[in-house]
Amino acid sequence: MLREAQVKFGSRNFVFTKKDGEFEPISYADFISKTNALAGEMISRGYADKNIIIIGKNSVEYMMVDLAITAYVGACVNINPAVDSDSLVKIIEKSTPVAIFYDEDLASEFTELSARFLDVKMQTIQEVVASVAQNKSNDNLPDKNPDVCSKIIFTSGTTSEPKGVMLSLRNMFAGWEP
C-alpha cells in the first residue's frame, strides 16, 4: 500500500507540519521515504520483531515512527501521553519493549524511567527522526508477514491493570478493499 501511494501520488502534498508558525507540506514521496529510512535504521539497530513503545502528541514525526514500526519493524505499542505513571510502568513491564520513543515534552518522566529500565533504549521521537538523513531512504524493505503482531493497544485499566490487545496487519486491514 505504501509503495503504491508513493508511486501514484509522489510529489503531491500528503501532510503538513508547523515550523516557525507556518505550515510546510510534506509530499507522499518524502513522507514514505523518511518512514522507510526510519524502518531501515530500526532494523539495523536490532529492533526487528521486537516490541517498541511510542508515546507522544500527534505529529508528522509520530506518524512516521508509528508507521515504520507497524509496517516493517515489529509491534508498535502506542501509549496515550496522558497515561498515569503507575500504568505506564505496568505497560512497560508487560510489553517488554526493546525501545521507547517519547515526545520531547515528556523528557523529564523518561529520565526517571531510564534508570529503572536499563535494558530499554529510550530516545525522543524528534531525535530518532532527525538521526535519519533525508537521503538515506530504504525502499527495499521486505514485506512484513501480515499475520504477526504489528500493534499492541493497551486498555485504560479502569477496572484493573491495563491489558494489551495484539493486532496483526491482517486484523487492522480486514475491512479494507483496494
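Visitor: Where is the place of Asp 20?

Guide: Asp 20 is in the loop between strand S1 (13-19) and strand S2 (22-27). Strands (E, at least two residues) and helices (H or I, at least four) are DSSP runs, numbered from the N terminus. This is a predicted model, in which local features need pLDDT of at least 70 and side-chain atom pairs count only at pLDDT 80 or more, while totals for chains, interfaces and linings use all residues. Residues are numbered from 1 along each chain as its sequence is written, and side-chain values use heavy atoms, with hydrogens and water left out.

Visitor: Why is Asp 20 called exposed?

Guide: Its relative accessible area is 81%. Exposed means over 50%, buried under 20%, and partly exposed in between (1.4 Å probe, protein chains only). Asp 20 is therefore exposed. Asp 20 also has a positive phi of about 50 degrees, although it is not a glycine.

Visitor: What makes Thr 96 exposed?

Guide: Thr 96, in the loop between H4 and S5, has a relative accessible area of 56%, so it counts as exposed. Thr 96 is not a glycine either, yet its phi is positive, about 40 degrees.

Visitor: Why is Val 148 called partly exposed?

Guide: Because its relative accessible area is 32%, Val 148 falls in the partly exposed class. Val 148 belongs to the loop between helix H6 (125-130) and S7.

Visitor: Which residues is Val 148 in contact with, leaving aside neighbours within four places in sequence?

Guide: They are Leu 167, Ser 168 and Leu 169, where contact means heavy atoms within 4.5 Å. Val 148 and Ser 168 are 20 residues apart in sequence, but 5.3 Å apart in space, C-alpha to C-alpha.

Visitor: How do you know that Asp 66 is buried?

Guide: The relative accessible area of Asp 66 is 18%, so this residue is buried. Asp 66 is found in helix H3 (residues 60-73) and touches Ile 54, Cys 76, Asn 78 and Lys 151, not counting residues up to four places away in sequence.

Visitor: What makes the link between Asp 66 and Asn 78 a polar contact?

Guide: Their side chains are joined at 3.2 Å. A polar contact is a pair of N or O atoms within 3.5 Å; within protein, one atom must be able to donate a hydrogen and the other to accept it, and residues adjacent in sequence count only if both atoms are side-chain atoms.

Visitor: Why are S6 and S8 said to stand at the edges of the sheet?

Guide: The open sheet has six strands in the order S6-S5-S3-S4-S7-S8, with mixed pairing. Strand S6 (121-124) and strand S8 (164-168) each have a single partner strand, so one side of each lacks a neighbour in the sheet. From one strand to the next, the twist averages 20 degrees.

Visitor: How do you know that S7 and S8 pair?

Guide: Two strands pair if DSSP finds at least two bridges between them. Strand S7 (residues 149-154) and S8 run antiparallel and are joined by five bridges.

Visitor: Why are H1 and H2 called roughly antiparallel?

Guide: The axes of helix H1 (residues 2-9) and helix H2 (residues 28-44) cross at roughly 150 degrees and come within 8 Å. Axes are lines fitted to C-alpha atoms, for helices over the stretch in contact, and angles run from 0 to 180 degrees between N-to-C directions. Angles under 35 degrees count as roughly parallel, over 145 as roughly antiparallel, 65 to 115 as roughly perpendicular and the rest as oblique. H1 and H2 are therefore roughly antiparallel.
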